[in-house]
Every structure is written in C-alpha cells, then in structure tokens.
Amino acid sequence: MIDYGCTDAPYYSPDSRCDDGEGFHHGIDIALPCGTLLRAGAAGRVIGPDRPGRPGAAYGAKAFRIRVETADGPADVLIGHARKVLVRPGDRVRTGQPIAETGDLGAPDGCHLHFEQRAVDGGLGTATDPSDLLALRRP
Ligand SMILES: [Zn+2]
C-alpha cells in the first residue's frame, strides 16, 4: 500500500512539498490480485472523459471517475489502473454495485487499486487525502 502524500516509493518525481527528494502520491494504492472485483462504496454517477480533470495516461487507459456526495459536499473519486470497467459514463452507481476489476494498466508496480479524491471536475492539484472516504482505519 502506498499512502496519500509524500512517499519514497519509486516512480514518483521529487516534489517540493516533500523532503529528501521524495515524490507526492495523490491517492491511496491498495495492492490486490489482478482481476479483483471492485464495488462502489457509495452511490454516485460515472463521469465521462469529456469532463475537465480527465485522468492522464499514468492512471491507465481505463481510469474513470465517479461523482459522489461526501460529508463536505460533492467530490470526484478516481479509480486508476483498472483492467476492466463495468460501468459507463452517465451511469448511476449504487452502493455495493460492481464497478471494475483491478489491473495494472499504466502501473509499473503490479495490480492495485489507485483511489483518489478530487474536487468536482478537478485536476491533479485538487486531490485530497481520500482515507475518510475510503473509511480506512489507521493503526
Ligand atoms: Zn497510486
């Protein structure tokens, strides 16, 4: 797992927010076997690639976003590196619905879920720590 924020993991360019030449990871990576079924943790709507903030090639050719409601208002969740996507732009997604299969498209380090939270139609610079949304508990 690679956490949100500064990281000494390879593949990240040095970032001015970090010390010792570390890079900045804009989401949370969770290693999973290739083809693991991903289910929506919240209801939302799948956003088309025509909207601003389209994920770049590093997220894989099938990366997509779902607009969800958070405690702080609407936000876009970006799912990266999927090998198969089971929803289409415009689809309404319900909690628990299968949305994709994990893969390694665009990922140099194996199959994993890249989970990122951005502002509505926001680019990379709007990414914030998604751990609350992912409901992860820190040790
Ligand atoms: Zn990642």
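**Entry 1: Thr102**

Is Thr102 buried or exposed? I looked this up first, and Thr102 is buried, because its relative accessible area is 1%. (For my own use: buried means under 20% relative accessible area, exposed over 50%, and partly exposed in between, with a 1.4 Å probe and protein chains only.)

A note on the source before I go on. This is a predicted model, in which local features need pLDDT of at least 70 and side-chain atom pairs count only at pLDDT 80 or more, while totals for chains, interfaces and linings use all residues. Residues are numbered from 1 along each chain as its sequence is written, and side-chain values use heavy atoms, with hydrogens and water left out.

Back to Thr102, which I found in the loop between S10 and S11. (Strands, E, are DSSP runs of at least two residues, and helices, H or I, are runs of at least four; both are numbered from the N terminus.) Leaving out residues up to four places away in sequence, I listed what Thr102 touches, including Leu32, Pro33, Cys34, His81, Arg83 and His112. (Contact means heavy atoms within 4.5 Å.) Thr36 is also one of the residues touched by Thr102. I looked at that pair again: a polar atom of the Thr102 side chain lies 2.9 Å from the backbone nitrogen of Thr36. (A polar contact is a pair of N or O atoms within 3.5 Å; within protein, one must be able to donate a hydrogen and the other to accept it, and residues adjacent in sequence count only if both atoms are side-chain atoms.) I also checked Ala135, which is 33 residues from Thr102 along the chain, and the two C-alpha atoms are separated by 19 Å.

**Entry 2: the disulfides**

How many disulfides does the structure hold? I found two. (A disulfide is a pair of cysteine sulfur atoms within 2.5 Å.) Counting bonded cysteines along the chain, I get the pattern 1-2, 3-4.

One of them joins Cys34, a contact of Thr102, to Cys111, with an S to S distance of 1.9 Å. The torsion about that S-S bond is about 95 degrees, so the disulfide is right-handed. Cys34 lies in the loop between S3 and strand S4 (37-39) and Cys111 in the loop between strand S10 (98-101) and S11, so the pair ties together parts that are 77 residues apart in sequence. I noted Cys34 as partly exposed, because its relative accessibility is 48%, and Cys111 as buried, at 11%.

The sulfur atoms of Cys6 and Cys18 are 2.1 Å apart in their disulfide. This link is left-handed, with -90 degrees about the S-S bond. Cys6 belongs to strand S1 (residues 5-7) and Cys18 to the loop between S1 and strand S2 (23-25), so this pair ties together parts that are twelve residues apart in sequence. Cys6 is partly exposed at 37% relative accessibility, and Cys18 is buried at 10%.

**Entry 3: the zinc ion**

Which residues coordinate the zinc ion? I wrote down His25 (NE2), Asp29 (OD), Asp29 (OD) and His114 (ND1), at 2.0 to 2.8 Å. (Donors are N, O and S atoms within 2.8 Å of the metal, or 3.2 Å for Na, K and Ca; water is not among the atoms, so sites may look incomplete.) Along the chain the donors follow the spacing H-x3-D-x84-H. Asp29 sits in strand S3 (residues 28-31) and His114 in strand S11 (residues 112-118), so this pair ties together parts that are 85 residues apart in sequence. I found both Asp29 and His114 buried.

**Entry 4: salt bridges**

Side chains of opposite charge can pair when their charged atoms come close. I found six salt bridges in the structure. (A salt bridge is a side-chain nitrogen of Lys or Arg within 4 Å of a carboxyl oxygen of Asp or Glu.)

Arg83, another contact of Thr102, pairs with Glu101, with the closest N and O atoms 3.1 Å apart. Glu101 is in strand S10 and Arg83 in the loop between strand S7 (73-80) and strand S8 (84-85), so I noted a link between distant parts of the chain, 18 residues apart. Glu101 is buried at 17% relative accessibility, and Arg83 is partly exposed at 40%.

Between Arg118 and Glu116 the closest N and O atoms are 2.7 Å apart, and both residues are buried.
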